[in-house]
Structures are given as C-alpha cells and as structure tokens.
Amino acid sequence: MIKSPPQQKTNSRRPARNEFSFKAGKYRLDLGARTYIMGVLNVTPDSFSDGGTFFDKDAAVKGALEMAKDGADIIDIGGESTRPGARAVGAGEEIDRVLPVIAELSKKLGVPISVDTRKARVAEEALKAGAAIVNDVSALGYDPAMGAVVAKYGAGLILMHMKGEPETMQRNPSYGDLMGEIIESLRLSIEKVRRAGVADESIIVDPGIGFGKTVEHNLEILRRLDKLGELGRPVCVGTSRKSFIGKVLSLDDPSARLAGTLATCTVAIMKGARLLRVHDVREVIQVARMTENILRRG
Ligand code: HH2
C-alpha cells in the first residue's frame with residue numbers, strides 16, 4: 001500500500017519546508033509531499049518525440065485529458081519545438097497553435113496548465129485563457145518582458161538553464177565548471193524575475209537537460225543534481241526520451257527510450273528533483289511512488 005512519503009533527505013543543503021511550496025495562480029502545490037509529474041503535450045508538427053501526434057486540437061485535448069486521468073499533476077503545453085536545430089516560430093503562429101487547446105482544457109482539466117514558451121506575448125494570451133504556469137526554457141534570456149507578465153497574473157514560473165540558442169546550442173558546448181555555471185546563471189535569472197515582481201514561492205528551477213549540453217554534461221547534471229538545492233527553490237528535470245539516453249543505449253527511436261527515461265527519473269528523485277517533465281506519465285508515476293517509498297524506508 002502506498003502511503004504519502006515524507007521529505008526526502010538527499011539535498012546537500014536541506015531546504016526549509018516552505019521552499020517546496022509552489023504558488024501558481026489559484027493553485028498551491030506542496031512539492032514537499034511527493035514528486036510531482038508534468039505531462040508533455042507539444043502542439044507542434046516537429047517536436048523530437050511527440051511532434052505531429054497532438055498537432056490537431058482534438059487530439060491534443062484528448063491527450064491531455066488522458067495524461068490527467070493517468071495522474072499527471074500539471075500539463076505542459078508547447079507550440080514551438082526547442083529541439084536542437086529547430087526552426088523558431090513567430091508569436092502569432094505559436095498563439096494559434098496553443099490557445100484553442102488551452103482555452104478548451106482550462107474548462108475541462110482539474111490540474112494546472114503550464115505553457116512552454118519563451119515569448120511574453122504567448123505567455124500572456126495563455127494565462128488569460130486559463131494557464132497557471134509559464135515554463136520558459138530561456139529563463140527570461142529570450143524575452144525580458146516575461147517576468148512582468150508572470151507577476152501581473154500571479155502565475156508560476158519555471159526557469160530553465162540553456163546555454164546558447166536552440167538552433168546552435170549543441171555545437172560543441174563547453175563549461176569550465178558545469179554545475180557552478182548552471183547555478184550562477186539560474187541565480188541571476190531568479191534575481192531578474194524577483195525585480196520584475198515574481199514572488200519566490202512561484203519560482204521553480206531546471207538545469208535544462210540537453211540544452212547546450214553534451215551526453216557527459218547531462219549525465220553529470222543528474223549525478224550532481226542535489227547541488228541545485230543551493231538555490232533554495234524546487235527543482236524540475238526533463239530527461240524524457242532525450243537523445244543522451246538514445247546515445248547511451250544506442251536507441252534512435254525516442255519512443256524506445258522508456259526504460260532509460262525511468263532510470264534517469266529514479267536518480268533525479270533520489271537527488272532531490274520535485275517535478276519531472278515526462279511523456280510517459282503512468283510509468284513515471286509508478287517509478288516516483290516506488291522510489292519515494294524506498295527513500296522513506298532507507
Ligand atoms: N525540455 C524540452 C522542452 N521544454 N522545459 C523544461 N522545463 N525542462 C526541459 O527539460 C524541457 C522543457 C524539450 O523536450 P520536448 O518538449 O519534448 O521537445 P521539443 O522541444 O522538440 O518540442
């Protein structure tokens with residue numbers, strides 16, 4: 001029988017309990033109680049894993065409702081692929097893709113909707129239509145107006161680290177001190193959004209697996225994820241089906257990377273992650289509950 005797990009004890013500095021409380025619009029999530037799961041829904045023709053699957057509005061709505069039924073705590077909706085080499089999409093086109101889906105889901109879903117965008121205009125339209133969280137993979141690096149929009153709506157904000165731009169970020173990325181540079185960059189982003197009026201309790205940080213990182217960098221981030229505890233905010237991780245898993249396991253097809261994804265999720269939870277961004281909601285929830293039970297009994 002699954003009982004609710006206690007606090008995990010794996011962060012190098014143990015954050016205070018209120019550091020796990022996440023406020024996003026009308027929602028308050030207690031990320032200290034258990035690992036939260038964010039289902040990925042890309043309303044795009046070209047995302048690396050689910051591209052095309054949810055490009056049709058009805059398919060997207062159905063997919064999101066299924067993920068929620070499977071137990072997803074948040075649905076993350078994106079209208080622009082940020083995979084390496086992806087073509088950038090204009091704000092108008094991105095809005096046309098995500099808005100109808102968010103508008104319909106906000107009436108039907110009982111869990112918060114997150115919009116995966118780097119553009120303040122897209123974020124504002126999504127928040128008006130009922131989204132509660134903005135997932136900015138550029139951590140305000142792309143559009144400095146993002147902080148003010150998030151503050152205006154009292155939304156939640158995921159700040160993700162990315163080195164460079166999606167088009168070129170995988171051309172030989174290098175770091176002197178990988179974790180130190182990620183933490184410093186996220187610290188500056190936190191300061192920026194604070195100045196824009198975003199409350200600390202509405203901020204989550206993410207090391208940005210695969211965004212300007214080699215296979216070795218991604219593996220090291222997972223090994224040393226607990227270092228991010230220094231930032232005093234909950235940590236989100238998105239490893240799901242990503243190419244570093246394909247490279248380690250020699251699997252070209254992203255949908256064949258489930259077992260590898262589950263291994264990365266287990267390690268991420270052990271190293272303090274509070275939110276996992278995944279395609280395979282049902283399977284990852286089982287991994288999360290199992291891992292939490294082991295940690296509690298350890
Ligand atoms: N990864 C992707 C997109 N958004 N957001 C956060 N916070 N963390 C991540 O690791 C992350 C993210 C890339 O994956 P995906 O959306 O599945 O593919 P694509 O960018 O091709 O749409």
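How far is an oxygen atom of the ligand from an N or O atom in the side chain of His 279? In this predicted model, the distance is 3.2 Å.

Ser 81 places a polar side-chain atom 2.7 Å from one oxygen atom of the ligand. Gly 238 takes part through its backbone instead: one of its backbone N or O atoms lies 3.2 Å from an oxygen atom of the ligand. On its own, the ligand has 480 Å² of accessible area, and the protein covers 99% of that.

Now step back to see the whole site. The ligand sits in the largest pocket, and 17 residues surround it. The closest of these are Ser 47, Ser 81, Asp 206, Lys 242 and Arg 277. If you sort the shell around the ligand by residue type, you will find five nonpolar, seven polar and five charged residues.

Finally, have a look at the aromatic rings. The count of aromatic pairs comes to zero, where a pair would need ring centres within 6.5 Å. Rings do meet charges, though. The charged end of Arg 34 sits over the ring of Tyr 36, at 4.1 Å from the ring's centre. Likewise, Arg 118 has its charged end over the ring of Tyr 142, 4.3 Å from the centre.

Methods:
Residues numbered from 1 in each chain as written. Predicted model: local features only at pLDDT ≥ 70, side-chain atom pairs only at ≥ 80, totals over all residues. Heavy atoms only, no water. Near = heavy atom within 4 Å. Polar contact = N/O pair within 3.5 Å; in protein donor to acceptor, adjacent residues only side chain to side chain. Areas by Shrake-Rupley, 256 points an atom, 1.4 Å probe, with all protein chains shown as cover. 1 Å grid on protein atoms, 1.4 Å probe; cavity = no way out; pocket = protein on both sides within 12 Å on 5 of 7 lines; lining within 4 Å. Sits in = over half its atoms within 2 Å of the grid points. Nonpolar A, V, L, I, M, F, W, Y, C, P; charged D, E, K, R; others polar. Phe/Tyr/Trp six-rings, centres within 6.5 Å; stacked < 30°, edge-to-face > 60°. Lys NZ or Arg CZ within 6 Å of the ring centre and 35° of its normal.
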